[in-house]
Amino acid sequence: MHLTLHADYSLRVLLYLAVHDDRLVSTAEISDAYGISKNHLVRVVQALGKHGYIDVRAGRSGGLTLARH
């Protein structure tokens, strides 16, 4: 089975957020952990947020969390 790059990155983001569910996680942190382009990761995060899988908090103290436990 072959996954698209977008689907692969989406699963990686969701897994990373599940492991680090005790705090907000930045896109830069995920990008560094997996070696993913920050620009591409932002598009993946926007799509996951739009579909309700993650909560995206903007701003300096913002970050990402899973929408559900």
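The model is predicted, so local features are taken where pLDDT is at least 70 and side-chain atom pairs count only at pLDDT 80 or more, while totals for chains, interfaces and linings use all residues. Residues are numbered from 1 along each chain as its sequence is written, and side-chain values use heavy atoms, with hydrogens and water left out.

## The nonpolar core

The largest nonpolar core has 13 residues, and those with the most contacts inside it are Val13, Leu17, Ile30, Leu41, Ile54 and Leu64. Such a core is a set of buried Ala, Val, Leu, Ile, Met, Phe, Trp, Tyr and Cys residues joined through side-chain atoms within 4.5 Å. Buried here means under 20% relative accessible area, exposed means over 50%, and partly exposed lies in between, with a 1.4 Å probe and protein chains only. Helices α1 (5–19) and α3 (38–50) each supply at least two residues of this core; helices are DSSP runs of H or I with at least four residues, strands are runs of E with at least two, and both are numbered from the N terminus. In soluble globular proteins, nonpolar side chains tend to be buried together.

Contact means heavy atoms within 4.5 Å.

## Helix α1

Helix α1 has 15 residues and reaches 21 Å from its first C-alpha to its last, close to the 21 Å expected at 1.5 Å a residue, where the expected span is 1.5 Å times one less than the number of residues. Its buried residues include Tyr9, Ser10, Val13, Tyr16 and Leu17. These residues cover an arc of only 130° around the axis, which puts them on the same side of α1; the arc is that of the directions from the helix axis to the C-beta atoms. Leu15 and Val19, by contrast, are exposed on the other side of α1. The cover over the buried residues of α1 includes α2, α3, β1 (54–57) and β2 (63–66). Leucine 5, also in helix α1, counts as partly exposed at 48% relative accessibility, and its C-alpha atom is separated by 9.9 Å from that of valine 44, 39 residues apart along the chain.

| Helix pair | Axis separation | Angle |
|---|---|---|
| α1 and α2 | 11 Å apart | about 110° |
| α1 and α3 | within 10 Å | roughly 75° |

The axes are lines fitted to C-alpha atoms, for helices over the stretch in contact, and the angles run from 0 to 180 degrees between N-to-C directions. With α1 and α2 packing at about 110°, α1 is roughly perpendicular to α2. The crossing of α1 and α3 at roughly 75° likewise makes α1 roughly perpendicular to α3. Angles of 65 to 115 degrees count as roughly perpendicular, those under 35 as roughly parallel, those over 145 as roughly antiparallel, and the rest as oblique.

For α1 and α3, which cross at roughly 75°, the contact is made by His6, Tyr9, Ser10, Val13 and Leu14 of α1 and His40, Leu41, Arg43, Val44, Ala47 and Leu48 of α3.

Aspartate 22 lies in the loop between α1 and α2 and counts as exposed at 64% relative accessibility. Serine 31 is found in helix α2 (residues 27–34) and counts as buried at 5% relative accessibility. Apart from its neighbours within four places in sequence, serine 31 is in contact with Ile36, Ser37, Lys38 and Leu41.

## Helix α3

The 13 residues of α3 should span 18 Å at 1.5 Å a residue, and its end C-alpha atoms are 18 Å apart, which agrees. In α3, His40, Leu41, Val44, Val45 and Leu48 are buried; they cover an arc of only 140° around the axis, which puts them on the same side of α3. These buried residues pack against α1, α2, β1 and β2, whereas the face of α3 turned away from its buried side carries the exposed residues Asn39, Gln46 and Lys50.

Valine 45, buried with a relative accessible area of 5%, is in contact with Thr27, Ile54, Val56 and Leu64 when its neighbours within four places in sequence are left aside. Helix α3 is followed by glycine 52, whose phi is positive, near 85°.
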